Structure formats: C-alpha cells, structure tokens
Amino acid sequence: MSSTPSASTPQPRDSILEINAYVPGASGEGSGGTVHKLSSNESPLGPSPQAVAAFRSAAEHLEAYPDGSAHALRTAIGAKYGLDPARIVCANGSDELISLICTAYLGPGDETVYSQHGFLMYKISTLAAGGRPVAAPETDLTANVDAMLAAVTARTRVVFLANPNNPTGTYLPFDEVRRLHAGLPGDTLLVIDAAYAEYVRRNDYEAGIELVATARNVVMTRTFSKIYGLAGLRLGWAYCPEPVADILHRVRGPFNVNAPAIAAGVAAINDSAQVDASVDHNDTWLPWLAGEFAAIGIETAPSVGNFLLLRFPDAEGRRAADANAFLQERGVFIRAVGGYGLPDCLRMTVGTEEANRLTVAALTEFMNR
Ligand SMILES: *Cc1c(COP(=O)(O)O)cnc(C)c1O
C-alpha cells in the first residue's frame, strides 16, 4: 500500500515552519591552530574560581534531583540586589524565560512587539508558541519608543526590549523605558531583557528593577551567561510581579535548573571581585577597540555592552562577509549578523587583550589591502 503524502505525516502548527533556527556564533572548532572565539559575547575572564569549585563539588551528588525551587539561588540573588526571592524565577538560561513567557501569555494569533534588530529569540519563541512577531523600526540602530508603541495593537500581549540590545549594543535611557511602559495597556507585559546590565556605565541607565517593583506588567530578565562567565551551565533569572512569577512556575519544568548550575550560580553571584574585574576589563578594551576601528574606517555603533557592532563598506572585497572570511583564516571568529537584518555588519565580543589586538591588526591589514 502506498502512503498518502503530507496528511499522514506529523505536522507542527503553521507558525513553527516560519522559524529560521537560531544559528549560534561560529566557534572555529576543528579549524586547527589557535582560535579566538569572539562570536557569542562570552566572558574573556571566564567564571569565578569559586563558581568552578562549587560546580565540582555538586558533581559528587549527581544522583539527586536539584531543588526544584532553586531556593539557595533565589535567596542569593535576592540578597545581592535587595529583591524579594519569592518574585524571582530561575531558568535554564534567560532564553528559557523568553520561551516560558511566550508559552504562558500568547494564544494563536496574539502578537509580540520588539525592535527591528532586537534579540532573535523573541521572534523564535513567539512563533514557537503560535504567536505573531511584530518588529518595530529602529532609529540609528536604537529602539524607538514611538515606533514600538505604534506597533502595539489590541492583540499585543508581550513587548520585548533588550536593554542594552544585542547585537547593536545600544541602549535606552530609563526615562525612555518608562515612557514605553506608560504607553502600554495594563494587560500587555513589558519584558526588559537586561542580559548585559552589569557592563553598562551610564548614569541614565537602569536595568529595570525599579519598574518591576512598581508596575504589575513588567518583568526583568537577567543571565549568568555573560559577565558571570557561566554560559555553558545555562542559567538565567527573572524578577517579576508575584502573579507573573506564579504563572511562570506553572509552565516551567519542575527541575528546569540543574544542581551544578544552582551551586555555581550562588558562588558566582557572591564573587563581586570577579564581576568588578570583568567590568574593568571591558571599560579598558571597549573604548580602545572603538577608537582603533574608527581610525581604520570601520564604523561602530555606540555600545554599552561587552561587544561592538562593526559596519563594513559596501565595496568589492571589503564587505562584512569578506572581513569575516579574512578573520577566520587568522583564527578569529566573530559573529555574522545577517539574520538580524544587518548583512553589512559583524559583531565582535570584547575578548582578551591578545584577541583584541589580533583582531584589530587583522582588520587593519584587511582595510588596507
Ligand atoms: C546572551 C543573551 C541572552 C542570554 O541568554 P541565556 O539563555 O541566558 O544564555 C539573553 N538576551 C540577550 C539580549 C542576550 O544577548
């Protein structure tokens, strides 16, 4: 008997087929020689040694389920930031929080709004949940509050704002975030994704804690993947109004955060020396890189994170793709951002001194050839 075509095969909901799977930053694995991976905004200083020690001792007890409430971690985060642990939800990376929020708050045809070059997981998780992603235009590679508010309709359930944004590195000052919130209906959730908050050195910036504390429809997400150097463990958290925390607890897996991640996270958040060292490193090298790139004719967006968006000329042999190939031949792997609608750009993570100097030297050669 011949099989009938598609009708007899498993079919996902329609919106799933619109997803272009997330492409992680190139690692250069298998390319031989020394490789500098500057494609995923990982910490050049690595994790806290205390976090590594905590991870190792957790390895002695892998037979046991983790504490499903991640109590120790929520307590440590609460103590560090002065937050009520009952309003903190931990997850397997902040990517999982984005996904949980979409699962919980989107029905078929419901919309999410984010900015044009906003973090890709907002679109992917929206489509995965059966929702409709709506991108609002940006101005000068920066989220535009008026455009985002204009994109909000009666179907908008969630507005995502990465602040600072990845891959642009730009940010909205807090009065603009407040204006965005003030323009939203009370039943639309504003998610402030502050993955890079620890790096920001601007006195008009706030990560979002104050707004979550005073509003019923704002969530702030944070991650251990960037400044804490624990991307491999997958650990993120959200600070939420209590009713939102209650909803996220219903939809998350009962053991969504693993035991070594909880242990390492507690140690990491208590090692402020490691965070300070990472901030100092970034304060030194981010402006140095921007200055060097300007000097060789590569424009950069004004980043407040641990990465820079570089714009390449529209000239034969000098384009972003050419630069990417040129760097990869020299063992430097940075991020192509065509998937973000930025085909003429590449995103470079601030790396070790060696990696930073090597990248600048290579791009100097590239621009002068
Ligand atoms: C890196 C990043 C995340 C973090 O994701 P994790 O799942 O916690 O590793 C979240 N949002 C933005 C904007 C990021 O750049």
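1. From which domains does the lining of the largest pocket draw at least three residues each? That lining takes at least three residues from domain 1 (23–46 + 273–368) and at least three from domain 2 (49–270), the bounds coming from an automatic or database domain assignment. A pocket here is an open set of points, on a 1 Å grid over the protein atoms alone, with protein on both sides within 12 Å along at least five of seven lines, and lining residues have an atom within 4 Å of a point.

2. This is a predicted model, in which local features need pLDDT of at least 70 and side-chain atom pairs count only at pLDDT 80 or more, whereas totals for chains, interfaces and linings use all residues. Residues are numbered from 1 along each chain as its sequence is written, and side-chain values use heavy atoms, with hydrogens and water left out.

3. The largest pocket has a volume of about 480 Å³, a volume being the space filled by probe spheres set on grid points that are joined across faces, edges and corners. Of its 22 lining residues, Tyr-22, Ser-40, Asp-95, Phe-119 and Lys-226 are the closest to its centre. The lining divides into eight nonpolar, six polar and eight charged residues, where Tyr counts as nonpolar and Gly as polar.

4. The space taken by the ligand is this largest pocket, the criterion being that more than half of the molecule's atoms lie within 2 Å of the pocket's grid points. Residues around the ligand (a heavy atom within 4 Å) include Gly-93, Asp-95, Phe-119, Asn-166, Asp-193 and Arg-234. By class, this shell has three nonpolar, five polar and four charged residues.

5. The protein buries 94% of the 390 Å² that the ligand exposes when taken alone, with areas from the Shrake-Rupley method and a 1.4 Å probe.

6. The second largest pocket holds about 310 Å³ of space. Among its 22 lining residues, Ala-21, Tyr-22, Val-23, Leu-120 and Gly-339 are the closest to its centre.

Methods: On a 1 Å grid over the protein atoms alone, a cavity is a set of points where a 1.4 Å probe fits but cannot get out, and a pocket is an open set with protein on both sides within 12 Å along at least five of seven lines; lining residues have an atom within 4 Å of a point.
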